[in-house]
Amino acid sequence: MVMAYRSSPFSRFTLDDRALPRIGYGLGRLARHVRSEHERQSAVALLRHAFDLGVRHFDTAQFYGDGLANSLLRDAFVTQQSPVFIATKVGARPPTSSPAPEAAQHPRQLREAVEANLTSLGVDHLDLVYLRRMDYAPGVIAASDQIVDLDDQLSELVRLRDTGHIRAIGLSHVTCAQLTSSLSADIAGVQNIYNVLERSSQPLLDLCERHQIAWTPYFPLGGGGYANLPRVMDDPTVRTVAERLGRTPQQIGLAWQLANSPNTLLIPGTADPKHLRENVDVGAIVLDSELMAELNSVTFTTSTLPV
């Protein structure tokens with residue numbers, strides 16, 4: 001018998017006591033797309049359309065467009081009784097000289113970033129705040145004046161959680177050792193680079209599964225601008241499977257993520273309504289054990305990132 005792997009767009013993973021659909025939406029790309037009032041209104045309409053399609057998990061950051069992404073969410077549907085789950089990030093500030101965000105790692109800067117997120121979103125608490133560490137490439141590596149002990153950062157975030165400013169704490173761009181040392185802070189989610197062609201973080205994903213921590217991979221299809229990763233949609237095996245199923249290579253790359261781990265929450269971003277529909281439709285893709293074995297056989301990296 002051939003086992004089928006399938007994740008409905010309405011299949012869920014519980015994150016901080018919220019049962020979230022596993023297909024969400026990331027605002028990084030949308031913020032880069034908006035340059036006019038017309039594009040802003042189109043972006044707000046796109047976010048509302050995502051909600052209509054069943055998306056409830058939105059991933060943002062104050063440093064996405066220097067508050068632009070958050071203001072789009074606020075205009076779309078955020079109120080004090082918002083029906084959506086908003087995850088954001090601290091530890092970085094908007095880039096000035098490169099595509100990658102710059103370091104803002106000090107506890108004081110983390111608190112200021114939380115306050116800025118609250119203001120630009122127009123809410124009184126944040127559902128989930130990821131601490132974006134900057135200890136290794138790709139991206140900016142924290143310089144001497146920005147090298148901060150992880151325990152000091154977590155202490156500040158725990159205080160913000162205790163006061164109700166945030167409800168859950170996550171980690172981004174971290175190692176297994178860092179996650180292990182942080183478990184006492186009740187980590188709810190982890191964001192690391194991971195896709196079918198870049199699996200250096202597999203031990204970290206395994207650790208998340210053991211502790212029932214949400215896994216939200218970024219650059220899930222490779223590429224990624226400053227990361228300069230191989231693109232999943234260019235892989236011959238991915239393209240062959242896509243043709244066989246009548247799907248796009250991007251859809252197969254995302255479907256592999258869902259089938260690969262029950263802890264995975266996807267946050268693909270787009271400014272195109274057609275691509276949004278395709279992303280949500282990923283949940284209807286069935287990958288049987290033979291197709292998964294075929295995709296798992298592609299040449300992938302396991303040494304680019306520290307574990």
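Tutor: Let's start with a term: a polar contact is a pair of N or O atoms within 3.5 Å, and within protein one of them must be able to donate a hydrogen and the other to accept it. Keep in mind that this is a predicted model.

Student: What makes the pairing between the side chains of aspartate 59 and lysine 89 a polar contact?

Tutor: The side chains of aspartate 59 and lysine 89 come to 2.5 Å, and the cut-off is 3.5 Å, so the pair qualifies.

Student: Where is the place of aspartate 59?

Tutor: Aspartate 59 belongs to strand 5, which covers residues 57–59.

Student: Why does aspartate 59 count as buried?

Tutor: Buried means under 20% relative accessible area. Aspartate 59 has 3%, so it counts as buried.

Student: Which residues does aspartate 59 touch, beyond those up to four places away in sequence?

Tutor: Among them are Tyr25, Gly26, Leu27, Tyr64 and Lys89. For a sense of distance, proline 94 is 35 residues along from aspartate 59 in sequence and 16 Å away in space, C-alpha to C-alpha.

Student: Now asparagine 70: buried or exposed?

Tutor: Asparagine 70, which sits in helix 3, has 0% relative accessibility. The limit for buried is under 20%, so asparagine 70 is buried.

Student: What does the side chain of asparagine 70 make a polar contact with?

Tutor: The side chain of threonine 60, at 2.7 Å.

Student: How do you know that the buried residues of helix 8 line one face?

Tutor: Begin with who they are: in helix 8, residues 236–245, the buried ones are Val238, Val241 and Ala242. Looking down the helix axis, these buried residues fall within an arc of 100 degrees, so they line one face of the helix.

Student: Which residues are exposed on the other side of helix 8?

Tutor: Pro236 and Glu243.

Student: And what covers the buried residues of helix 8?

Tutor: The cover includes helix 9 and helix 11, the latter at 289–296.

Student: What is found at the start of helix 8?

Tutor: There a side-chain oxygen of aspartate 235 comes within 3.0 Å of the backbone nitrogen of threonine 237. Just after helix 8, glycine 246 has a positive phi of about 70 degrees.

Student: Where are aspartate 66 and aspartate 186?

Tutor: Aspartate 66 is in the loop between strand 5 and helix 3, while aspartate 186 is in the loop between helix 6 (176–182) and strand 11.

Student: Why is aspartate 66 called exposed?

Tutor: Exposed means over 50%. Aspartate 66 has a relative accessible area of 56%, so it is exposed. Aspartate 186, with 54%, is exposed too, by that cut-off.

Student: Which peptide bond is cis?

Tutor: The bond from alanine 137 to proline 138, with omega near 5 degrees. Most peptide bonds are trans. Proline 138 is found in the loop between strand 9 (128–132) and helix 5 (150–162).

Student: How much space lies in the largest pocket?

Tutor: About 1,300 Å³. It is lined by 41 residues, and Gly28, Arg29, Arg32, Phe219 and Gly224 are the closest to its centre. Helix 1, helix 9 and helix 10 each give the lining at least two residues. By class, the lining has 17 nonpolar, 16 polar and 8 charged residues.

Student: And which residues lie nearest the centre of the second largest pocket?

Tutor: Asp186, Ile187, Ala188, Gln212 and Ile213, out of 15 lining residues. The elements giving two or more residues are strand 2 and strand 11, and strand 2 gives the most, with 3. The space in this second largest pocket is about 200 Å³.

Methods. Residues numbered from 1 in each chain as written. Predicted model: local features only at pLDDT ≥ 70, side-chain atom pairs only at ≥ 80, totals over all residues. Heavy atoms only, no water. 1 Å grid on protein atoms, 1.4 Å probe; cavity = no way out; pocket = protein on both sides within 12 Å on 5 of 7 lines; lining within 4 Å. Points joined across faces, edges and corners; volume = space filled by probe spheres on them. Helix = DSSP H or I, 4+ residues; strand = E, 2+ residues; numbered from the N terminus. Nonpolar A, V, L, I, M, F, W, Y, C, P; charged D, E, K, R; others polar. Buried < 20%, exposed > 50% of the residue type's maximum accessible area, 1.4 Å probe, protein only. Contact = heavy atoms within 4.5 Å. Arc of directions from axis to C-beta.
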